[in-house]
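Take a moment with the sequence and the fold before reading on.

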Amino acid sequence: MPEQPSSLVALRLAATADVAAVVAAARTAGDLDRAAPLGDGGAAAEVHWGGRLQRAVVRALDDEDGTPLLRTEVAVAGDGFVAGAARQAMLLRGLARHVDGVDGVRDLSAGVEHDLDALERMAAGGAVRIDVVAAVVAPGSGRVPGWVRTHGAARFGVPDLELYGLAPGTEETAVAALGAVHDALL
C-alpha cells in the first residue's frame, strides 16, 4: 500500500527556529507526547501529539521566497477533512507557543496563507472548509472565463478537482459545488 501524501503546513517566522529547542519546550509543556531528532543536523524531529501514535515531522527551512518556516509534515487522510486539518492545526498551535516571531501560517499543500487567528479557529474545527484549505479561484475577466480548482485536496485522500469556463460572478457557487463533491467523496 502506498504511503499517504503528507499535508505540509508551516508556521511563518521572523527568523529561523531551532527545532530541537522548540520541540523540547513543547514536550516539556505537554504539547507533544514524544519527540526524537531526525538525522544529526538538528533541523528536523519526529513528533507524536494528542495521545496518538500518529507521527509528524517538524522541520526548519527557508521557503523559496526566503521566508523562515517551521514546517509540519503529517499524513491527514485517515482522519478525514475536518479532523485531519484540525489535528494538524493543533500541532502547529502547540509549536507556535514555543517560537518567537510567528507571524502567520503558510499552507504549502494548498498554496494559501492564514493568520494566527485562523489557526486557532482551525484547531477548534470551526474554520475548516474545502475553500479555506484547498480551493483556488481565478475569476474571469472580459473574454477570459473563470476557473476554480482545488489544490491540496489529495492529502485528504480525495482527488483535486477543477471547473473552468465559468461565467463572471459564478465563482462562489463553483467553490461550493467543489466543496460538496469533496464532502461526498470524503
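What follows is a walk through the strands, the helices and a cavity.

This is a predicted model, in which local features need pLDDT of at least 70, side-chain atom pairs count only at pLDDT 80 or more, and totals for chains, interfaces and linings use all residues. Residues are numbered from 1 along each chain as its sequence is written, and side-chain values use heavy atoms, with hydrogens and water left out.

Start with the sheet. Strands of a sheet pair through backbone hydrogen bonds, either parallel or antiparallel. Here 7 strands form an open sheet in the order β2-β3-β4-β5-β1-β6-β7, and the pairing is antiparallel. Strands (E, at least two residues) and helices (H or I, at least four) are DSSP runs, numbered from the N terminus. Two strands pair if DSSP finds at least two bridges between them. β2 (34–37) and β7 (112–114) stand at the edges with a single partner strand each, so one side of each has no neighbour in the sheet. From one strand to the next, the twist averages 25 degrees.

Now follow the hairpins. β2 and β3 run antiparallel and are joined by 4 bridges. Ala35 has Val47 in β3 as its bridge partner. This hairpin has 6 residues between its strands, and Gly39 in the turn has a positive phi of about 75 degrees. Val47 also stands opposite Ala56 in β4. β3 and β4 pair in the antiparallel sense over 5 bridges. Their hairpin has 6 residues between the strands, with Gly50 in the turn at a positive phi of about 70 degrees. Next, β4 and β5 pair over 7 bridges, again antiparallel. The bridge partner of Val58 in β5 is Thr72. In this hairpin, with 5 residues between the strands, Gly66 takes a positive phi near 90 degrees.

Elsewhere in the sheet, β1 (residues 7–13) pairs with β6 (residues 102–107) in the antiparallel sense over 5 bridges. Leu11 has Val105 in β6 as its bridge partner. Which helices pack on the sheet? Helix α1 (residues 19–29) does, touching β2, β3 (44–48), β4 (55–62) and β5 (68–74). Contact means heavy atoms within 4.5 Å. The direction of α1 makes about 20 degrees with that of β3. Axes are lines fitted to C-alpha atoms, for helices over the stretch in contact, and angles run from 0 to 180 degrees between N-to-C directions. Helix α3 (residues 116–123) also packs on the sheet, touching β1, β6 and β7. Its direction makes about 60 degrees with that of β6.

Helix α2 (residues 81–96) comes next. Among the buried residues are Phe81, Leu91 and Leu92.

Finally, look inside. How many cavities of 30 Å³ or more does a search of the whole structure find? It finds 1. A cavity is a set of points on a 1 Å grid over the protein atoms alone where a 1.4 Å probe fits but cannot get out, and lining residues have an atom within 4 Å of a point. The largest cavity has a volume of about 110 Å³. Grid points are joined across faces, edges and corners, and the volume is the space filled by probe spheres set on the points. Of its 14 lining residues, Val9, Ala85, Gln88, Asp107 and Met122 are the closest to the centre. The largest share of the lining, 4 residues, comes from α2. Met122 lies in helix α3. It counts as buried, at 6% relative accessibility.

How values were computed. Buried < 20%, exposed > 50% of the residue type's maximum accessible area, 1.4 Å probe, protein only. 1 Å grid on protein atoms, 1.4 Å probe; cavity = no way out; pocket = protein on both sides within 12 Å on 5 of 7 lines; lining within 4 Å.
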